Amino acid sequence: MSRSISTLAPASYFTLFSATHSFVIGLLPFYLPILIWQQYQELALLTEFIAWTGAGFVMALCGWHQLFIRGYWRTLIILSFALEVGLIYVALFHIANINLIILGLLNGLFNCSYWMLQRILFNSISGGGSNSSNTGRLFGNLQLILGFSLKLGILFGGYFMQTQPWVILSLSIMAALGFCIMTINSLATQTFVYERSDHIQAKSVISTRDKIVFLVDGPFLYLESYLWVLSIYHLTNSDTSQFSLTVIALSLALGLIFYFIKNTIDKQPQYRLYQAATLLYLCGWLIRGWLSPDWSGFTIGLGLLSVAFATALFRLYFNKRFYDKAKQQANYQYLVNKSLYSQLGIVIFFTGLTVMSNVTTVNLNHVYWGVLPLIAIYMLYQQSR
């Protein structure tokens with residue numbers, strides 16, 4: 001047993017790490033926007049929470065970087081799970097009396113600890129050579145595996161949240177402990193990651209175009225997750241069980257579609273497909289703005305599936321381009337810069353949206369239409385040569 005753990009392949013380690021975190025995220029962090037809405041019923045407070053989440057990520061990034069370059073790999077892994085379990089405990093049992101600024105900062109600390117490790121690990125296993133072109137297939141496989149783990153967590157979370165929240169906390173602790181014990185006994189992955197990481201290289205100059213794209217991409221990540229989760233919750237009659245079943249049904253349908261297309265992604269002309277995916281992404285935001293609880297169940301379901309497909313396809317091509325570009329530069333520094341600019345964009349955008357929500361009535365559908373012009377900025381993200 002100990003021999004198999006210590007020799008676990010980096011790709012398997014990465015998959016297990018991401019799948020475990022995704023399952024725990026599905027148990028509760030996925031429901032954070034709904035919990036905050038149920039508690040406060042104000043969009044401004046949710047957007048303020050997101051802004052503080054971005055601020056928490058930025059504040060944590062410097063400390064995370066120092067731990068990584070000094071080789072504290074196991075510490076970072078354990079920290080990512082400890083922060084996640086701590087976030088779940090606070091959100092489950094103290095959301096009514098905790099300050100949203102503190103909850104947002106805690107969420108930001110966890111996001112930094114998880115997403116930085118996830119990106120570093122994915123970059124390590126996706127090939128170090130500049131000619132490697134398998135990132136599309138790898139990311140497609142990742143979406144399938146993480147989608148299944150996340151939805152399994154959502155199913156448990158939706159079922160136990162209202163009646164037996166201690167089950168959610170217990171499952172989170174067991175999953176976190178299991179992976180942390182495995183990490184303590186594993187040696188191969190740490191060595192592999194540091195061999196593949198070029199963190200000791202001098203910083204490469206990131207282009208102004210890429211900085212602008214990352215500044216815009218950060219807000220869109222939360223618009224298509226936290227705010228869209230809240231919209232789906234409203235479209236499913238504000239019922240947690242109906243909401244979780246709808247999300248799972250959408251994921252199963254998407255999983256089936258991506259199972260058939262993931263192996264063709266790297267073989268297609270990337271420039272035109274990225275443009276087509278961006279156009280579909282824009283159409284997806286138009287549909288978000290139109291969708292209404294007054295529509296029939298079939299029409300809402302068709303609209304939700306169209307949005308989910310357009311978003312997942314765009315993320316597939318955007319992330320392929322991102323990791324391919326990272327290989328052309330100093331990988332590690334490119335990943336850190338992406339995180340930094342995205343989080344700064346989140347702080348700026350959601351602070352502005354909070355101010356606007358405090359002075360006037362802001363409807364989620366209007367927010368979705370209001371950000372449509374910003375999607376054009378994604379066309380600035382040039383393919384690596």
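Trainee: Which helices each supply at least two residues of the lining of the largest cavity?
Mentor: In this predicted model, those are H6 and helix H14 (331-359).

Trainee: And what volume does that cavity have?
Mentor: About 50 Å³. The structure holds one cavity of 30 Å³ or more.

Trainee: Which residues line the largest cavity?
Mentor: Ile120, Asn123, Ser124, Arg196, Ser197, Asp198, Asn331, Tyr332 and Leu335. By type, that lining divides into three nonpolar, four polar and two charged residues.

Trainee: Staying with H6, where does Ser113 sit, and is Ser113 buried or exposed?
Mentor: Ser113 is in helix H6, which covers residues 100-125. Ser113 is buried, because its relative accessibility is 3% and the cut-off for buried is under 20%.

Trainee: What does the side chain of Ser113 reach?
Mentor: The backbone oxygen of Phe110, at 2.7 Å. Leaving aside residues up to four places away in sequence, Ser113 also touches Trp64, Leu79, Ser80 and Leu83.

Trainee: How does the lining of the second largest pocket divide by residue type?
Mentor: There are 10 nonpolar residues, nine polar and two charged.

How values were computed. Residues are numbered from 1 along each chain as its sequence is written. This is a predicted model: local features need pLDDT of at least 70, side-chain atom pairs count only at pLDDT 80 or more; totals for chains, interfaces and linings use all residues. Side-chain values use heavy atoms; hydrogens and water are left out. Ala, Val, Leu, Ile, Met, Phe, Trp, Tyr, Cys and Pro count as nonpolar, Asp, Glu, Lys and Arg as charged, and the others, Gly among them, as polar. Helices (H or I, at least four residues) and strands (E, at least two) are DSSP runs, numbered from the N terminus. Buried means under 20% relative accessible area, exposed over 50%, partly exposed in between (1.4 Å probe, protein chains only). A polar contact is a pair of N or O atoms within 3.5 Å; within protein, one must be able to donate a hydrogen and the other to accept it, and residues adjacent in sequence count only if both atoms are side-chain atoms. Contact means heavy atoms within 4.5 Å. On a 1 Å grid over the protein atoms alone, a cavity is a set of points where a 1.4 Å probe fits but cannot get out, and a pocket is an open set with protein on both sides within 12 Å along at least five of seven lines; lining residues have an atom within 4 Å of a point. Grid points are joined across faces, edges and corners, and a volume is the space filled by probe spheres set on the points.
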